[in-house]
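Have the viewer open as you read along.

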Amino acid sequence: MRRVRVIPVLLIADGKLVKTERFKKPKYVGDPINAIRIFNDKGVDELAVCDISKDRFSRGPDMRLLEKLASEAFMPMAYGGGISTLDQGMALITSGFEKLAINTGLVEHPGLVTQLSARLGSQSVVASVDYRKGWMGGLQQFTHSGGTRVRGDLVTLIKGWVDEGAGEVWLNCIEREATYTGYDLQMIERVSKVLPVPVVGIGGAGKVEDMQAAIDAGASAVAAGAMFVYQRPHNAVLISYLKEEIFV
Amino acid sequence: MTVAIINYGVGNVGSLVNMLERKCGAQCEIFEGGGILNEGITHCILPGVGHFGFAAEELRKSGLHSQLKSFLETGGQLLGICLGAQLLLESSEEGDADGLGFISGHVKKFHEGHLSQGECIPHMGWSDVQLVGRKSDMKGDNSMRFYFVHSYHMVPQDRNDVFMTADFAGGFTAAVKRGNVTGVQFHPEKSHAFGIAFLKSWLSES
């Protein structure tokens, strides 16, 4: 029996905790430190923090804030947002993060993933892949918070990031984010079949059954944002977590 | 109770301090060498991430080695975490520098040949841990799990020094204990409820 990793994803913009829907309309939902403290008490096994501030690429990771967040967390944490150099990656690991998620950097900084995994080990390097339907109807990878399309076949691109050294793939379906419509099971199945590394499904989780379905489709872990920061039906802000663990 | 945390420039000790102070009822004092360990201190933690050889050199240069030795002689409880635990042994395959030698034995790299399917080095993630050969008052003994990140593991010479084991690469020593010296390969400060329970148990030892 294996315990399934269920990873809450916290989005931050300009130091505040926010939540988007389909990568748009960032809404203020509170203070990231407060959220981490709540997750500590709920026994969360892994947490992801992603900075979606507009200036993240020019300023790089906000180390002052991130060091504070890492000091608050009583669980391993992943960070993504504006990582473009090996030095930034090293500084994040030293400050208490265990995994680095590279998204825009996959395309903008060729060789970064290889450098990071050579230095830190591939298990610390995540290829964070955002995708949605392109205008021709096929699925395509996007960077810059869904703003820039990456040329090429999605699955081929993902295989490439793993070949470069990514030890885990976050498969983030843009069109499902915060919609509670369930994960993109088809894509999870397609990708996990051909990859030698763990695939984490993101986007669309509304209930435990959605997570179970993603695992059945081949995901080795699942992540969710809205489900853990909102209470439905009116999306009132309420930090929560699963009441029981999922085993497979 | 005040806990001294040795900071010799390896990694962020923020979450360790916060866990001890907020969840375990302890006060923390960051100790950076130079001075002497406070007389009232009964518990001391040696954290650490990074390279064994480098860290061992740092400890020797800053005089912390001899300070820790006299701390132990006066009956203080010492806890090494991750690299800090490995440093309690005599030597490591990672670098030529001598360890502190408070526990006999060596630190070895995981052997590729011992990995099961799906396992890779470094060992990173949560693992269930078994207590060895002693009764413990830790809560939830049956389902203890901790968070690990490491490529090297402790191999104590005396099997009686093995405190906990975990299943990875055919099984390895997850914690050592000999008298007032304890070393854990995992990160209690990243293992939420399990880490808190472990630190509380350790703090209750005297």
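## Helix H6 of chain A and its surroundings

H6(A) is followed by Gly121(A), which has a positive phi near 95°. The model is a predicted one, in which local features need pLDDT of at least 70, side-chain atom pairs count only at pLDDT 80 or more, and totals for chains, interfaces and linings use all residues. Residues are numbered from 1 along each chain as its sequence is written, while chains are lettered from A and ligands numbered from 1 in the order in which they are written.

Helices (H or I, at least four residues) and strands (E, at least two) are DSSP runs, numbered from the N terminus. A residue is called buried if 20 or more other C-beta atoms lie within 10 Å of its own, exposed if 12 or fewer, and partly exposed in between, with C-beta atoms placed from the backbone. In H6(A), the buried residues are Leu112(A), Val113(A), Leu116(A), Ser117(A) and Leu120(A). Looking down the axis of H6(A), these residues fall within an arc of 120°, so they line one face of the helix; the arc is that of the directions from the helix axis to the C-beta atoms. Their cover includes H4, strand S6 (99-102), helix H5 (104-108), strand S7 (125-133) and helix H7 (154-164), which belong to chain A.

H4(A) deserves a look of its own. Leu86(A), Gly89(A) and Ile93(A) of H4(A) make the contact with Gln115(A), Leu116(A), Arg119(A) and Leu120(A) of H6(A), where contact means C-beta atoms, placed from the backbone, within 7 Å. By class, this contact has 4 nonpolar, 2 polar and 1 charged residues. Here Ala, Val, Leu, Ile, Met, Phe, Trp, Tyr, Cys and Pro count as nonpolar, Asp, Glu, Lys and Arg as charged, and the others, Gly among them, as polar. The crossing of H4(A) and H6(A) is right-handed: a crossing is right-handed if the near helix is turned clockwise from the far one by less than a right angle, and left-handed if anticlockwise.

## Helix pairs side by side

Axes are lines fitted to C-alpha atoms, for helices over the stretch in contact, and angles run from 0 to 180 degrees between N-to-C directions. Angles under 35 degrees count as roughly parallel, over 145 as roughly antiparallel, 65 to 115 as roughly perpendicular and the rest as oblique.

| Helix pair | Angle | Axis separation |
|---|---|---|
| H4(A) and H6(A) | roughly 40° | within 9 Å |
| H3(A) and H1(B) | about 40° | 7 Å |
| H1(B) and H5(B) | roughly 70° | within 10 Å |

H4(A) and H6(A) are therefore oblique to each other. The pair within chain B brings Met19(B), Leu20(B) and Lys23(B) of H1(B) up against Gly195(B), Ile196(B) and Leu199(B) of H5(B). By class, that contact of H1(B) with H5(B) has 4 nonpolar, 1 polar and 1 charged residues.

## Where the chains meet

How many residues does each chain bring to the contact? Chain A supplies 17 residues, and chain B supplies 17 residues. On the side of chain B that touches chain A, helix H1 (14-23), strand S7 (123-131), strand S8 (145-150) and helix H5 (192-203) each provide at least two residues. H1(B) gives the most to this side, with 4 residues. Sorted by class, the side of chain B holds 8 nonpolar, 7 polar and 2 charged residues.

H3(A) passes H1(B) in a right-handed crossing. Glu67(A), Ala70(A), Ser71(A) and Glu72(A) of H3(A) make the contact with Gly14(B), Ser15(B) and Asn18(B) of H1(B). Its residues divide into 1 nonpolar, 4 polar and 2 charged. Within H3(A), Leu66(A), Leu69(A), Ala70(A), Ser71(A) and Glu72(A) are buried. Among the elements covering the buried residues of H3(A) are helix H1 (32-41) of chain A and H1 of chain B.

## A helix and a strand in chain B

Leu64(B), Leu68(B) and Phe71(B) are the buried residues of helix H3 (residues 64-73) of chain B. Seen down the axis of H3(B), they fall within an arc of 55°, so they line one face of the helix. The face turned away from this buried side carries the exposed residues Ser66(B), Ser70(B) and Glu73(B). Just after H3(B), Gly75(B) takes a positive phi of about 95°.

The buried residues of H3(B) pack against several elements of chain B, including strand S4 (77-81). Ile81(B) has its place in strand S4 of chain B and counts as buried, with 27 C-beta neighbours inside 10 Å. Leaving aside residues up to four places away in sequence, Ile81(B) touches Ile45(B), Pro47(B), Gly48(B), Val184(B), His187(B) and Pro188(B).

Technical notes:
Two residues are in contact if their C-beta atoms, placed from the backbone, lie within 7 Å.
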